[in-house]
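Reader: I'm new to this one, could you walk me through it?

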Amino acid sequence: MDVMLLLKAAVMGLVEGATEFIPVSSTGHLILAGKWLGFDSYANHETFDVFIQLGAILAVVWLYRQKVFGVLAAAPRDPNARRLIWNLLIAFAPAALVGFFARDFIKEKLFDTTIVAIALVLGGIAILLVEHWHKTRVVTTESVDDIRPPTALGVGLAQLLSLVPGVSRSGATIMGGLSLGMSRLAATEFSFFLAIPVMVAASGFDLFKSRHLLSAADAPVFAVGFVVSFIAAMIVIRALIRFVSSNTFVPFAWYRIVVGLVLLAVAWTTRGG
């Protein structure tokens with residue numbers, strides 16, 4: 001058993017769980033962490049990165065289990081439950097279609113440190129602009145139960161931006177929700193719920209395609225990353241819900257800008273040297 005590999009898997013799980021639901025790009029942070037830790041030399045690191053996302057998703061399902069299973073159980077007789085399900089499917093569709101056809105191009109061409117850095121900076125600027133504009137915006141959607149299909153589609157279209165590593169799925173969907181008149185809590189929780197079909201579908205597809213590459217020897221590495229991701233995501237989700245009740249997303253914007261600029265400086269220095 002390679003203890004160092006397990007420790008690296010734990011760190012990667014921590015990065016995934018800590019960044020999946022805040023607007024800083026978990027994919028971007030996993031790419032960077034993998035390079036810095038040397039974890040990208042692990043043969044199945046790409047499949048591992050996909051698998052540990054399921055740990056983060058399980059945290060959402062567990063924390064919101066009453067809402068999730070209550071909606072599913074009530075759907076046959078409750079129009080509000082059916083509307084939420086339809087809204088999630090509507091928001092899920094754009095990224096599912098584009099991601100399915102562009103998956104190979106994205107992995108081959110866009111998983112690059114410079115692209116991640118630029119996306120972090122531009123995403124941070126976008127958050128600052130949305131937050132400035134949101135100050136004068138009238139909230140028209142207080143909770144996820146109030147979301148209308150056109151608003152759900154708008155969030156789904158915003159999510160397309162997150163196909164570029166470094167943009168952030170949660171950042172795109174939350175900012176998209178705020179721009180469309182959703183409250184901070186509604187936008188954040190809808191982003192959580194939307195992550196369930198999006199990431200289950202994406203992770204399931206990737207795991208199926210790479211199933212022939214996996215062996216029993218990978219099980220401990222994957223298990224450590226999954227568990228750490230689940231625990232970290234549980235902590236972050238609870239903290240984020242408390243945070244958005246009385247704060248803006250501006251701190252995350254500045255974090256993105258600073259990290260992105262540092263990465264660009266490092267890349268430029270390395271290239272220059």
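Reader: Where is confidence lowest, and where is it highest?
Author: In this predicted model, confidence, given as pLDDT (the predictor's score for each residue, from 0 to 100), is lowest in helix α11 (residues 250-272), with a mean of 88, and highest in helix α7 (residues 149-159), at 96. The protein averages 91, and 99% of the residues score at least 70. Helices here are DSSP runs of H or I with at least four residues, numbered from the N terminus.

Reader: What counts, and how are residues numbered?
Author: Residues are numbered from 1 along each chain as its sequence is written, and side-chain values use heavy atoms, without hydrogens and water. Local features need pLDDT of at least 70 and side-chain atom pairs 80 or more, while totals for chains, interfaces and linings use all residues.

Reader: Which residues of α5 meet α9?
Author: Among those in contact (heavy atoms within 4.5 Å), Leu84, Phe92 and Arg103 are on the α5 side, and Phe190, Pro197 and Asp206 are on the α9 side. By class, the contact has 12 nonpolar, one polar and four charged residues, where Ala, Val, Leu, Ile, Met, Phe, Trp, Tyr, Cys and Pro count as nonpolar, Asp, Glu, Lys and Arg as charged, and the others, Gly among them, as polar.

Reader: Switching topic, is arginine 65 buried, exposed or partly exposed?
Author: Arginine 65, which lies in helix α4 (residues 65-74), counts as partly exposed because its relative accessibility is 35%, given that buried means under 20% relative accessible area, exposed over 50%, and partly exposed in between (1.4 Å probe, protein chains only).

Reader: And how far is its C-alpha atom from that of serine 143?
Author: The C-alpha atoms of arginine 65 and serine 143 are separated by 17 Å, with the two residues 78 apart along the chain.

Conventions. Helix = DSSP H or I, 4+ residues; strand = E, 2+ residues; numbered from the N terminus.
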